[in-house]
Amino acid sequence: MCPSIWSQRHSTLIKSADQQHRRLIAGVIGGLAFGPVNISHYNLNVFQDCKHGANMQSSALLRVLHKLVEKEGHLPEEWTIGADNTTKETKCNTTMWFFIWLLCVLDGASLWQITVLFLLVGHTHNELDRFFSRLSVALRGRDYFTVPGMFAAAQHAIRSCQFDCGHLGQIWDWDSQKQQPWFHEMTGLPRVHAIRFSRGDGIFVQWKHWMTDEGWCKPIQVVPREMMETVGAFRPQCVKMEFPVQVGMHDFVTMLQSWCETPEHGFQGYQQEFQWLHDAINHQAPDFDPGQEVDGLLQDLRAMSRKGAPYRA
């Protein structure tokens with residue numbers, strides 16, 4: 001993170017690849033929800049302390065579901081996900097088995113069906129992309145030193161939607177499902193654009209070639225009822241969250257602070273913000289620390305299952 005004035009007026013100081021790695025880069029994963037009444041837009045910040053891919057995508061999906069359920073006060077019966085058509089992150093065995101696992105581990109809860117709809121190309125301009133355009137406009141020309149400062153500026157400027165934000169402080173090793181005896185690879189995923197998982201007498205999968213096709217294929221059982229408890233007993237380990245050049249990142253923040261505190265640059269009284277940057281690099285900033293286990297999120301989801309919801313058996 002750095003104030004926009006730093007990157008605009010002094011870009012020569014950060015042009016090299018080494019300087020680029022030394023900065024605390026705040027990426028944003030956007031989410032747009034149409035069903036909830038208390039929240040519509042939820043954005044997760046992610047640092048460069050983790051690898052992008054299916055582990056991060058599955059972890060982000062679980063985190064977003066948890067936040068939406070927390071805001072609404074109940075678990076939905078059906079969860080429909082619109083995803084980019086990318087085999088690296090979403091349309092892959094790791095993420096598909098994450099959905100299967102979630103239905104197994106929430107057996108008896110109100111969530112019984114998960115549908116994933118894939119865009120026909122990798123990325124298509126849609127309502128979420130338009131929100132990111134507004135987010136970019138909201139931050140343009142504003143100076144902010146921290147992630148909370150960035151989101152506070154955005155929330156102050158964007159008043160047209162219910163906008164909330166969080167941090168993906170921990171990702172989990174969902175890839176390790178592939179080492180489990182119950183895992184079996186799904187083939188042909190690149191050729192389908194709609195997949196539906198449902199819980200009944202086991203876990204079933206259906207798919208359509210195109211989202212606009214009228215009918216789904218015949219349900220195929222992927223997990224028998226007697227195996228659901230075994231699949232649901234799986235718990236992914238926490239992936240170690242670490243920056244590639246942590247010491248250099250501290251040096252960069254110190255250099256930035258020295259530059260800002262000179263009288264001619266006019267950034268005085270930001271000691272707390274710079275301390276936050278050091279804490280974030282050390283994974284010690286409040287609400288930005290890793291180490292959370294999956295069980296805590298699952299406990300919340302089960303507790304907020306709809307009372308009296310129909311159980312599909």
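Let's start with a helix pair: the axes of H5 and helix H6 (residues 147-157) come within 9 Å and cross at roughly 105 degrees. Axes here are lines fitted to C-alpha atoms, for helices over the stretch in contact, with angles running from 0 to 180 degrees between N-to-C directions. That makes H5 roughly perpendicular to H6, a label for angles of 65 to 115 degrees.

On the H5 side, Leu 135, Ala 138 and Leu 139 meet Met 150, Ala 153, Ala 154 and Ala 157 of H6; contact means heavy atoms within 4.5 Å. The residues of this contact split into seven nonpolar, no polar and no charged. Nonpolar covers Ala, Val, Leu, Ile, Met, Phe, Trp, Tyr, Cys and Pro; charged covers Asp, Glu, Lys and Arg; the others, Gly among them, are polar.

## The sheet and its helices

Next, an open sheet: three strands in the order E1-E2-E5, with mixed pairing. Helices (H or I, at least four residues) and strands (E, at least two) are DSSP runs numbered from the N terminus, and two strands pair if DSSP finds at least two bridges between them. Strand E1 (27-32) and strand E5 (163-167) are the edges, each pairing on one side only. Strand E2 (residues 41-46) runs parallel to E5 over five bridges.

Helix H3 (residues 54-72) packs on the sheet, touching E1, E2 and E5, and its direction makes about 140 degrees with that of E2. Helix H5 (residues 127-139) also lies across E1, E2 and E5, at about 135 degrees to E1.

## About the model

This is a predicted model: local features need pLDDT of at least 70, side-chain atom pairs count only at pLDDT 80 or more, and totals for chains, interfaces and linings use all residues. Residues are numbered from 1 along each chain as its sequence is written, and side-chain values use heavy atoms, leaving out hydrogens and water.

Terms used: Parallel < 35°, antiparallel > 145°, perpendicular 65-115°, else oblique.
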